[in-house]
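Q: Could we go through this structure together? Please begin with the terms.

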Amino acid sequence: MLAELLLVLWTLAKVLAIVLPLVIAVAMFVYWERKVIGWMHVRMGPNQIGPLGLMQAFADVVKLLLKEIVVPTNANRFLFFLAPMLALVPALAAWAVIPFSDGLVLANINAGVLYLLAMTSMGVYGIILAGWASNSRYALLGAMRSAAQVVSYELAMGLALVCVLVLAGSLNLSDIVTAQSGGLLHWFWLPLLPMAVVYFISGVAETNRAPFDVAEGESEIVAGFHVEYSGSAFALFFLAEYANMILVAFLTSILFLGGWLSPFPATWGLIGHGSFFWLLAKAFVVAFLFLWFRASFPRYRYDQIMRLGWKVFIPIALVWVLVAGLLKYFHIVAPGA
Amino acid sequence: MEEIRNYTMNFGPQHPAAHGVLRLVLEMDGEVVVRADPHIGLLHRGTEKLAESKPFNQSVGYMDRLDYVSMMCSEHAYVRAVEKLLGIEAPVRAQYIRTMFDEITRILNHLMWIGSNALDLGAMAVFLYAFREREELMDCYEAVSGARMHATYYRPGGVYRDLPAQMPQYRASPWHKGADLARLNQWRQGSMLDFLDAFTADFPRKVDEYEELLTGNRIWKQRTVGIGVVSPEQAHAWGMTGPMLRGSGIAWDLRKKQPYAAYADVDFDIPVGTNGDCYDRYLVRVAEMRQSNRIIRQCVEWLRRNPGPVILDDHKVIPPHREEMKEDMEALIHHFKLFTEGYAVPAGECYSAVEAPKGEFGVYMISDGANKPFRVKLRAPGFAHLSSMDEIVRGHMLADVVAMIGTYDVVFGEIDR
């Protein structure tokens, strides 16, 4: 009995050890985003609260938590409050299977990739429910767009994952990383280059980020699905979006860029050895691309996003599944150690 | 089965892309617009009536507030109407200054337009880049008139005063200091003409920068090519002018067709589009910025070589100098008369139009011989453009409506008047 209790407590501690840094990472990422986009726009970005504006994100959190949550009169109250939780919970739960370093993973399950797919697809229910429950036309349009978009990009994303699975021969994320060991050229970005691009762009689309941010579409439907949300309910959506973004950045690094592995040979001492910092550095670079996109690209129209998903990405992905199969069958790409 | 109904959406007046106070009632079939019904009047201030209840010389300031992103062009139409009725003509240096400031205004307007249109379509960066250049030109407004926007710089009979011999400089502050301050003041060492010379030498490079972000961008093209096509016949039928008309391939420009101010003496081209879609209108406006830049350079060149009076010396219309008023009884009387009852304008009527950045801005004025106009009618280009909204956006998607509002370049100050 005591042993079981300890196990539960130990697991809870591990969960906290992931979620707390994640939430702080989201806060810092928001700050970094505003700073980077500011520089790209020849302005300064936040610089008032704390040294260099570093406390800006925390000030925003406090502001949001203190604000009133306004519920529209004809909204479905139950679903209205359920929606942000439905958006946030899968975004956080997905982190359970992310291997941060060799053996450093909360749940080292063999169906890790399937679990991830399930969790990332769940997030869209939060968005759809939010749009529907707020009983606003802008929100409904946003939910409609988001549903269509996520469904189409889920397919391309899934097919990109299939390629990785074929080459790695495993659904376990830690095994996928170890299958890439052997140096920069053994990582899956090389044999699966189009898939890495498809996966990342689908990830951008899944997280509703610019240039695919039609679900929010500021200049068209104001804020889309979360137009009626305020205060902490809005904060949950915000947190979910950024947690998802960081998740996609981590996943791209794990699936295609060798996860925690170092690009340098092991003889180079500290930087030659794989560690969490390598994963962090890779994810940071990938996450930077999100910001770069947002600062420079115009927004796609909703039907153009559909066209890109169905007519470009899915055919490429289908072909590359075949290519990956051939690469594997003829032992051109063999999983490392 | 229950019948499927279209639903109605209120687009504005409080909407990030409504450009002021446009209220657009959209009937939507899913994402597709079935009917668009623009509602106007939320910014109506009765400018025409105000102008009719004031002496002729007191309404110039109202013109700035019509189209508040192309201020001096509206002033120009008004002062030219008064000049026509009075039968006076501004000195040639004033004509050149007006030409130069009309073109500065055109660049100001098009910068605002390129920024907000790009922002509406999701490209944030261009907006902030455009405002960086806008700031420099706003400083020119401020240098000649003391106001960044509502200048009241043109007066019947000329312009308020000559161009400053020293361009105002940034002063050191916690935000601008050291190398940053030196960079900001680099162009501002000499006169305003020197400043404009440096600005116009650099500006084409800045336009290249915007084009780099938009012209070749696949997403930008997908969002604008083939969207909101206006055929030349439609453009005529709707009374479109300016870039809306030229985007459809009709080379109509009042600066060329009915030259006013110094436009007959400067060299410039009229860019025209071919397809009449949002993309062509974008290209036309970008090309117009380059042409305006050309005109400004020519004006700077001319103004450097030809000093002279910038306003008439006729004190029945133009207020006398302050110094004169201290000694000269007559000057004092003139001043008093001008600022209390203004001047009487011979009975008659006239229409004066200028090529404002958005199209033909016209003032139709009737005088009955009193010191106030009997009737002032303002012809705002945006009003004619906006009225075509329904016909053009029908069958387009919601996101295209946003692109279309952007390409109309609507400013409610002039539409509601």
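A: Two strands pair if DSSP finds at least two bridges between them; strands (E, at least two residues) and helices (H or I, at least four) are DSSP runs, numbered from the N terminus. This is a predicted model, in which local features need pLDDT of at least 70 and side-chain atom pairs count only at pLDDT 80 or more, while totals for chains, interfaces and linings use all residues. Residues are numbered from 1 along each chain as its sequence is written, with chains lettered from A and ligands numbered from 1 in the order in which they are written.

Q: How many bridges join strand 1 of chain B to strand 2 of chain B?
A: There are 5, and strand 2 (residues 23-29) runs antiparallel to strand 1. B:Met9 stands opposite B:Leu26 in strand 2 of chain B.

Q: And which order do the strands of the open sheet in chain B have?
A: The order is 1-2-3, with antiparallel pairing. Strand 1 (7-11) and strand 3 (32-39) of chain B are at the edges; each has a single partner strand, so one side of each lacks a neighbour in the sheet.

Q: Changing topic, which residues of chain A meet between helix 2 and helix 9?
A: A:Val61, A:Leu64 and A:Leu65 in helix 2 meet A:Gly231, A:Ser232, A:Phe234 and A:Ala235 in helix 9. Contact requires C-beta atoms, placed from the backbone, within 7 Å.

Q: How many residues of chain A are in contact with chain B?
A: 21 residues of chain A are in contact with 27 residues of chain B. Helix 8 (218-221), helix 10 (276-296) and helix 11 (302-329) of chain A each supply at least two residues of the chain A side.

Methods
Two residues are in contact if their C-beta atoms, placed from the backbone, lie within 7 Å.
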